[in-house]
Amino acid sequence: MRGRRPDLDTIRAALKPHGLFLRGTVNFAGDEAAPDLADGRPAASVALVGNIGSSIWPAFSRWRAERADRGGPDPLDTWSKEVVQAVAAAAGATAWFPSDPPWQPFQRWAMRAEGLKASPLGILIHPVYGLWHGYRGALGFSTPIADAPLRAAPYPCAHCPDKPCLTACPAGAVRLDMFDVPACRAHLRLPAGQGGCMVAGCHSRAACPVGAAYRYDEAQLRFHMAALSL
C-alpha cells in the first residue's frame, strides 16, 4: 500500500538549521530496480540530502564541540546519520548513507537528479557550486515525488579551455582520462604533501574556477584532508 506523497517543503525546513539541502530527487520507473525500504517494499522515489559549500560546517562544528569525544572516529558520518535519520523518521522515509551498506548508487542518483557529470578529479561538478558540494544521505519513499523532473545541467569542464585542474596537481595525478589515486596518496605522505595539500586542501580542486565562491572554509578543508586514508 502506497503512503502519502513526501512533503518536501517540511523536509527542507527540517534540514535548514543543519545547513543541509535537498539536492535533487529521482522517481523510479515501475520496471526499474530500486532499493528496498525499511519495511521491505521497493522504494518509489529518493531525495538526496547534502551540503552546498561550507553550509554544514557551523552546525557540525557546534555539535562536535559539545561532545567529549569530539564525535568519535567518524564524526561527520555520525552527525549526518543523527540529523538525517531524525528527518527521515518524521517524514516516514528510509534513510541511506554513502558510508553504510547496503551501498546505494549515490553518484548515479545525483547524475540523474541534478544532471551532473564527473570532473577529472572524479568529483561530480556542479555548474554553480563547482566541486564544493557533497551528499550526506538520501531519503527513500514509498510514493513518487511530485516535483522530480529529469534535469540536464551544463557540464562546465566541456567549456573550460585552460583546465587548470590538470596542471595544478603537484603529483601529476589528475588527468583527463583518469585520477591516479596511488600517485595522489604517495605525494600526500611526503613532506611536501603534508605541508601543502594536507594543510590547504587539494591544489587541483582549488584551481577549478567554477564555484570558487563556495570553496570550503580552511577548517573544513583540513578536516576532510585529515580524514583521508593514506
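Me: Which residues does Lys 163 touch, not counting residues up to four places away in sequence?
Reply: In this predicted model, Lys 163 has its place in the loop between strand 6 and helix 5, which spans 165-168. Leaving aside residues up to four places away in sequence, the residues that Lys 163 touches are Cys 157 and Leu 176.

Me: What separation is there between the C-alpha atoms of Lys 163 and Ala 207?
Reply: Lys 163 and Ala 207 are 44 residues apart along the chain. In the folded model the distance from the C-alpha atom of Lys 163 to that of Ala 207 is 8.7 Å.

Me: Is Lys 163 buried, partly exposed or exposed?
Reply: Buried means under 20% relative accessible area and exposed means over 50%, with partly exposed in between. The relative accessible area of Lys 163 is 23%, so Lys 163 counts as partly exposed.

Me: Where is Arg 70, and what is its phi?
Reply: Most residues other than glycine have a negative phi. Arg 70, which has its place in the loop between helix 2 and helix 3, is partly exposed, with a relative accessible area of 41%. Although Arg 70 is not a glycine, its phi is positive, at about 60°.

Me: What is the phi of Lys 163?
Reply: Lys 163 is a residue other than glycine, and yet its phi has a positive value. That value is near 45°.

Me: What is the order of the strands in the open sheet, and which are its edge strands?
Reply: Strands of a sheet pair through backbone hydrogen bonds, either parallel or antiparallel. Here four strands form an open sheet in the order 1-2-6-3, with antiparallel pairing. Each edge strand pairs on one side only, and these are strand 1 (21-27) and strand 3 (94-96).

Me: Which residue of strand 6 stands opposite Ala 95?
Reply: Strand 3 pairs with strand 6, residues 133-141, in the antiparallel sense over three bridges. The residue in strand 6 that stands opposite Ala 95 is Leu 139.

Me: At what angle does helix 4 run to strand 1?
Reply: Helix 4, residues 106-114, lies across strand 1, strand 2, strand 3 and strand 6. Helix 3, residues 75-91, also lies across strand 2, strand 3 and strand 6, running at about 30° to strand 6. For helix 4, the angle to strand 1 is about 90°.

Me: Are helix 2 and helix 10 roughly parallel or roughly perpendicular to each other?
Reply: Helix 2 (residues 57-65) and helix 10 (residues 218-226) pack with their axes 11 Å apart, at an angle of about 65°. Angles of 65 to 115 degrees count as roughly perpendicular. Helix 2 and helix 10 are therefore roughly perpendicular.

Me: Which residues make the contact between helix 2 and helix 10?
Reply: The crossing of helix 2 and helix 10 is left-handed. The residues in their contact divide into four nonpolar, one polar and one charged. Helix 2 contributes Trp 57, Phe 60 and Arg 64, and helix 10 contributes Ala 219, Gln 220 and Phe 223.

Technical notes:
Residues are numbered from 1 along each chain as its sequence is written. This is a predicted model: local features need pLDDT of at least 70, side-chain atom pairs count only at pLDDT 80 or more; totals for chains, interfaces and linings use all residues. Side-chain values use heavy atoms; hydrogens and water are left out. Two strands pair if DSSP finds at least two bridges between them. Helices (H or I, at least four residues) and strands (E, at least two) are DSSP runs, numbered from the N terminus. Contact means heavy atoms within 4.5 Å. Axes are lines fitted to C-alpha atoms, for helices over the stretch in contact, and angles run from 0 to 180 degrees between N-to-C directions. Angles under 35 degrees count as roughly parallel, over 145 as roughly antiparallel, 65 to 115 as roughly perpendicular and the rest as oblique. A crossing is left-handed if the near helix is turned anticlockwise from the far one by less than a right angle, and right-handed if clockwise. Ala, Val, Leu, Ile, Met, Phe, Trp, Tyr, Cys and Pro count as nonpolar, Asp, Glu, Lys and Arg as charged, and the others, Gly among them, as polar. Buried means under 20% relative accessible area, exposed over 50%, partly exposed in between (1.4 Å probe, protein chains only).
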